[in-house]
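Good morning, and thank you for coming. I shall walk you through one structure, moving from its strands to the contact between its chains.

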2 protein chains.
Amino acid sequence: MYKTPFQITILGSSGAMPTSNRHTTAQLLKHDNKLFLIDCSEGTQIQMRRMKIPLMKINHIFISHFHGDHYLGLPGLLFTMHLLGRSNKLNIYSPPGLKEIIETHFGICNLKTSYSIIFNEIEKGGATIYEDASLKIDTISMLHSIPAYGFLFNEKPLERNIKKKYVNKYNIPVDQILKIKAGASYTTPGGEVLSNEELTIAPPPQRRYAFCSDTGYTESFTDQIEGADTLYHEATFMKEFSELASEKLHSTTAEAATLALKAKVKKLIIGHYSARYDDTQLISYLNEAKAIFNNTYLAKEGKVFDVG
Amino acid sequence: MYKTPFQITILGSSGAMPTSNRHTTAQLLKHDNKLFLIDCSEGTQIQMRRMKIPLMKINHIFISHFHGDHYLGLPGLLFTMHLLGRSNKLNIYSPPGLKEIIETHFGICNLKTSYSIIFNEIEKGGATIYEDASLKIDTISMLHSIPAYGFLFNEKPLERNIKKKYVNKYNIPVDQILKIKAGASYTTPGGEVLSNEELTIAPPPQRRYAFCSDTGYTESFTDQIEGADTLYHEATFMKEFSELASEKLHSTTAEAATLALKAKVKKLIIGHYSARYDDTQLISYLNEAKAIFNNTYLAKEGKVFDVG
């Protein structure tokens with residue numbers, strides 16, 4: 001149905017610390033021909049190499065918060081981009097404080113990067129921090145022990161699809177086709193006016209991806225993400241540790257699923273698994289969530305999900 | 001011949017940046033029952049988990065210099081040690097400046113670690129920075145674009161081995177056995193004096209391990225490492241790039257091997273391979289070095305080398 005790819009690739013599914021086969025949080029989001037990196041844990045550049053992701057094509061990096069498992073791969077990635085001779089500027093969006101960290105690292109080895117880095121500081125949830133012709137990205141306030149933000153990737157209305165038979169019949173010029181795709185009607189050389197509704201087919205609905213990590217259970221952003229095509233919500237613990245989850249401002253499987261249900265999203269991905277669970281236990285994890293919200297999937301390194 | 005283990009495990013063999021299957025520089029040194037970490041590149045904690053190395057038993061970490069590929073795994077490892085509830089103090093040895101970096105990371109998330117970190121600043125080569133009953137560790141001045149140090153691990157004299165037949169014959173008490181192993185003679189209850197030479201067998205020679213990375217070719221530390229049992233020397237490039245190596249203050253295969261020859265070491269390990277070489281090319285790497293110094297080995301993730 002959709003011609004424009006809108007996908008996320010899981011680079012790390014582990015919470016707090018890596019295990020022997022799970023990396024900590026990072027995701028690659030692809031929309032059309034653009035690549036965005038969401039969080040950048042230790043080893044993210046290694047994961048991208050393994051998955052043959054062209055890291056130099058990433059121009060925008062979004063950091064949710066400054067717990068080590070969400071950003072410690074950033075200095076290494078920035079070093080590598082320099083070593084590879086990057087010249088395109090790089091935008092990073094994060095809570096305040098990142099510039100000092102990066103400049104401390106660069107300062108200690110007298111590094112002047114081959115490219116410029118623009119540090120965009122996130123001050124609040126519900127703000128639009130990025131916008132282009134096809135995508136708008138908003139922040140979401142998480143409930144966590146330090147300032148933490150989720151990200152809502154909103155696809156803009158797709159172009160209407162022009163019916164080929166009219167293009168052929170009237171030999172419509174290219175400049176007019178672009179206008180028609182954007183919503184214009186068309187007047188033939190003979191003076192006949194064809195309405196846009198007649199000339200085109202409506203595009204499929206706009207898609208939305210909500211990334212929510214790390215957070216305790218909160219319904220404060222339910223309205224904002226309502227009806228999203230895909231929600232990634234952290235689920236650090238199974239139900240047995242709901243008190244611990246609450247104390248640490250993390251979520252359980254059941255809480256992530258409950259939020260997905262309340263927000264009426266179409267698909268839920270859970271991840272950020274505690275290192276206490278090994279891979280064989282994740283099926284129980286999934287079952288706990290599916291009992292509440294059936295269309296749930298497990299984050300797993302290398303897995304690619306279509307947003308809608 | 002040796003009862004005391006003295007081994008290094010390669011955690012990363014790649015120079016500058018990781019590849020899909022090579023991590024950047026880190027090595028674990030085991031002497032007797034003690035574990036030391038030499039450099040700590042991005043992903044080192046992941047490598048240790050994969051190799052089932054008990055990372056909480058590491059009490060001393062040695063950082064050669066502040067290029068990203070040698071220390072960027074340190075913040076993540078320190079975070080993980082905190083999450084695991086470490087209480088033992090941790091000693092880190094590095095050129096000046098590390099405290100500021102680590103405190104900047106911890107400050108941004110209000111982290112007070114569960115253990116204390118002692119930052120030991122290295123000011124010069126040829127200095128002894130660590131000493132215990134069985135090991136002494138000295139710095140070695142590297143030739144590099146920023147202050148950089150190698151490390152020389154010197155085993156102290158091992159105890160003499162007491163001949164069992166004398167223990168049985170004279171029923172020598174334990175306190176006396178310890179003295180004899182340390183070099184004392186023994187007087188029997190009957191007044192007979194047995195010399196230490198008669199009672200004991202000399203231990204095998206003391207072993208030494210020299211870690212030299214990153215460095216351009218220099219003979220300035222040849223005397224210091226002369227006769228070492230094992231030398232790890234970086235070899236970023238093959239001979240074809242000797243000019244580039246010289247310009248970047250790195251070494252070639254031939255230079256590492258030449259230094260091993262001049263320093264009369266017993267064994268050479270080369271690593272820190274440029275990402276331009278894939279694994280299939282490393283046999284040529286090895287051959288170039290072996291043509292000059294035959295007892296050369298390639299560093300490879302997971303490989304364990306006996307120092308002597």
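This is a predicted model: local features need pLDDT of at least 70, side-chain atom pairs count only at pLDDT 80 or more; totals for chains, interfaces and linings use all residues.

**Strands, loops and a shared surface**

On to the next pairing of β4(B). Strand β5 (residues 90-94) of chain B is parallel to β4(B), and 3 bridges join the two. Here B:His60 has B:Asn91 in β5(B) as its bridge partner. Is strand β4 of chain B mostly covered or mostly uncovered? Strand β4 (residues 58-62) is mostly covered, with 4 of its 5 residues buried. As a general point for those new to strands, side chains in a regular strand alternate between the two faces of the sheet.

Now I turn to another sheet of chain B. This open sheet has 7 strands in the order β7-β8-β9-β14-β15-β16-β17, and its pairing is mixed. Why do β7 and β17 of chain B each have one side without a neighbour in the sheet? β7 (128-131) and β17 (296-298) stand at the edges and each has a single partner strand, so one side of each is left without a neighbour. From one strand to the next, the twist averages 20°.

Inside this sheet, strand β14 (residues 208-212) and strand β15 (residues 230-234) of chain B run parallel, joined by 4 bridges. Helix α11 (residues 282-290) of chain B lies across β16 (268-271) and β17, and runs at about 160° to β17(B).

The loop between β16 and α11 of chain B holds B:Ala275. This residue has 19 C-beta neighbours inside 10 Å and therefore counts as partly exposed; the cut-off for buried is 20 or more. Leaving aside residues up to four places away in sequence, B:Ala275 touches B:Ser14, B:Ala16, B:Met17 and B:Thr19. Between B:Ala275 and B:Lys248 there are 27 residues in sequence and 15 Å in space, C-alpha to C-alpha.

A:Lys57 sits in the loop between α1 (44-50) and β4 (58-62) of chain A. A:Lys57 counts as exposed because it has 11 C-beta neighbours inside 10 Å. A:Lys57 and A:Arg86 are 29 residues apart in sequence, while their C-alpha atoms are 9.7 Å apart in space.

Finally, I come to the two chains together. Chain B is superposed on chain A by a rotation of 180° with 0.0 Å of shift along the axis, at an RMSD of 0.1 Å. That is the relation of a two-fold axis. Which residue of chain B comes closest to the rotation axis? B:Gly43 does, with its C-alpha at 2.7 Å.

The contact itself takes 30 residues from chain B and 30 residues from chain A. On the chain B side, α1 (44-50), α3 (74-83) and α4 (98-108) are the elements that give two or more residues. The residues of that side divide into 13 nonpolar, 13 polar and 4 charged. The same surface serves both copies, since 100% of the contact residues of chain B recur in chain A.

Conventions
Residues are numbered from 1 along each chain as its sequence is written. Chains are lettered from A and ligands numbered from 1 in the order in which they are written. Two residues are in contact if their C-beta atoms, placed from the backbone, lie within 7 Å. Ala, Val, Leu, Ile, Met, Phe, Trp, Tyr, Cys and Pro count as nonpolar, Asp, Glu, Lys and Arg as charged, and the others, Gly among them, as polar. Two strands pair if DSSP finds at least two bridges between them. Axes are lines fitted to C-alpha atoms, for helices over the stretch in contact, and angles run from 0 to 180 degrees between N-to-C directions. A residue is buried if 20 or more other C-beta atoms lie within 10 Å of its own, exposed if 12 or fewer, and partly exposed in between; C-beta atoms are placed from the backbone. Copies are superposed by least squares on the C-alpha atoms of residues with pLDDT of at least 70 in both.
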